[in-house]
Amino acid sequence: MSTVLTSTYTQRAAAHSNPTAVRLLHLMDAKMTNLSVAADVSTKAELLRLADILGPYICVFKTHIDIVTDFDDDLVAQLTALAAKHDFLIFEDRKFADIGNTVKHQYADGIYHIASWSHITNAHPLPGEGIVHGLKEVGLPLSRGLLLLAEMSSAGSLATGPYTIEAVKMAQRNRDFVFGFIGQRRIPTSEVAGLVEGSEDDFVYMTPGVGLAAAGDALGQQYRTPDQVILESGCDVIIVGRGIYGSGDVTENAKTYRAAGWNAYLKRTGQL
C-alpha cells in the first residue's frame, strides 16, 4: 500500500482539491524537477534573466517582489509570460502576518496586486485563523494556493513545537486553500491531535535553506542537503537561492541541484 512518502507526485495530486496544488504536483513529475529557485535579487532585469535561464529546470520561481527597486507592471507581464513559456509556478514569498482584513488588501491591492499574478503565497499563522480567511477571500476565487510557515530554516526560529502543530491544524481546517507548508520536515500524524496514527494527510512541504556544501551564513541561515530534505525529512520541494546564482555557472548549478533533488525523490518513492 502506497503512502504519501512512497507515492509519486502525480499520484498524490488526487488527494488535493486546490487547483494550484494539483497543477504543481503534475508539473513536477512532467518536468522531472522538485527544484524551486529563490530569486532574491533587487532589479527587474536580473529577476527576469534568472526566470528565463532557470525556467526549464524549476517547478517554482520564488520572488520577494518588494525588494525589486524598479518594479513596474511590465515586470509582472514578462514574468507571467516566462512562467507560461517554461511551465513553472510563481511563488511570492510575502510572509503575510497581520489581521485578516489587512492581509486581504495587501494581497489584492497596493502597488503589487500579488494575487493577480502569483500562483502561491505564504503566511505566518501567528495572527490566528483570520489571516487564512482574509487571504482566502481573495485567492480562492482566483485558484491560488497558500502555504503556512510551520518552521523556518534560520537559527533561533521560534516556529517550533506547539506552534508548528497549530499551524498544521489550521491548514487541515482550510484544505481548499492551504495546500502545504514552508517547513523543515514532514510533521508526523502522531504529533497532531485528532489524527489517527498512520492515516494519510497529504500536504506539500517546501523547504528553504538547501545547499550542497555550505553549512550556513553569517546571518543565521542553516543549510541542509537535498537528500536530508527530501529523503530523510519527507519534504517535497527544495528551495535554493545563492547556491544557484551566487557564483559559478548558473545553469550548471541549477542542473546539479535539480538532479540531486530529483534523485532523492526517486529513492524515496522506490524508483531508483
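The questions and answers below go through the strands, the core and the salt bridges of a predicted model.

Reader: What makes E7 and E8 a pair of strands?

Author: Two strands pair if there are at least two bridges between them. Strand E7 (residues 204-207) and strand E8 (residues 237-240) are joined by two bridges and run parallel, so they meet the criterion of at least two. In E8, Ile238 is the bridge partner of Thr207.

Reader: How do you know that E1 and E2 pair, and in which sense do they run?

Author: Four bridges join strand E1 (residues 35-39) to E2; at least two are needed, so the two strands count as paired. They run parallel. The bridge partner of Val37 in E2 is Phe61.

Reader: How many bridges link E2 to E3?

Author: Four bridges, in the parallel sense. Here Val60 has Leu89 in E3 as its bridge partner.

Reader: What do the eight strands form?

Author: They form a closed barrel with parallel pairing, in the order E1-E2-E3-E4-E5-E6-E7-E8. From one strand to the next the twist averages 30°. On the helical side, H6 (residues 130-139) lies across strands E3 (89-96), E4 (120-123), E5 (145-149) and E6 (178-182). Helix H6 runs at about 160° to E5.

Reader: Which faces of E2 are covered?

Author: Both faces of strand E2 (residues 60-63) are covered. Val60 and Lys62 are buried on one side, Phe61 and Thr63 on the other.

Reader: Which residues touch the most other members of the largest nonpolar core?

Author: They are Phe61, Leu135, Leu148, Met206 and Ile244, in a core of 84 residues. Helix H10 (residues 250-268) gives the largest share of this core, seven residues. Leaving out residues up to four places away in sequence, Met206 touches Ser36, Val60, Phe91, Leu147, Phe181, Ile182, Gly183, Val237 and Ile239.

Reader: Why is His16 called buried?

Author: The cut-off for buried is under 20% relative accessible area. His16 has 9% relative accessibility, so it counts as buried. His16 lies in the loop between helix H1 (9-13) and helix H2 (19-31).

Reader: What does His16 touch?

Author: Not counting residues up to four places away in sequence, His16 touches Ala21, Val22, Leu25, Arg175, Phe179, Asp202, Phe203 and Val204. His16 and Phe203 are 187 residues apart along the chain, and their C-alpha atoms are separated by 8.3 Å.

Reader: What makes Glu46 and Arg49 a salt bridge?

Author: The nitrogen of Lys or Arg must be within 4 Å of a carboxyl oxygen of Asp or Glu. For Glu46 and Arg49 the closest N and O atoms are 2.9 Å apart, so the pair qualifies. Both residues lie in helix H3, three residues apart, about one turn of the helix.

Reader: Why is Glu46 called partly exposed?

Author: Partly exposed covers the range between the buried limit of 20% and the exposed limit of 50%. Glu46 has 24% relative accessibility, so it is partly exposed. Arg49, at 38%, is also partly exposed.

Reader: What makes Lys169 and Glu166 a salt bridge?

Author: The N to O distance is 3.6 Å, and the limit is 4 Å, so the pair counts. Lys169 and Glu166 both lie in helix H7 (residues 161-172), three residues apart, about one turn of the helix. Glu166 is partly exposed, with a relative accessible area of 42%.

Technical notes. Residues numbered from 1 in each chain as written. Predicted model: local features only at pLDDT ≥ 70, side-chain atom pairs only at ≥ 80, totals over all residues. Heavy atoms only, no water. Axes fitted to C-alpha atoms, helices over the stretch in contact; angles between N-to-C directions. Contact = heavy atoms within 4.5 Å. Core = buried A, V, L, I, M, F, W, Y, C linked by side-chain atoms within 4.5 Å. Buried < 20%, exposed > 50% of the residue type's maximum accessible area, 1.4 Å probe, protein only. Salt bridge = Lys/Arg side-chain N within 4 Å of Asp/Glu carboxyl O.
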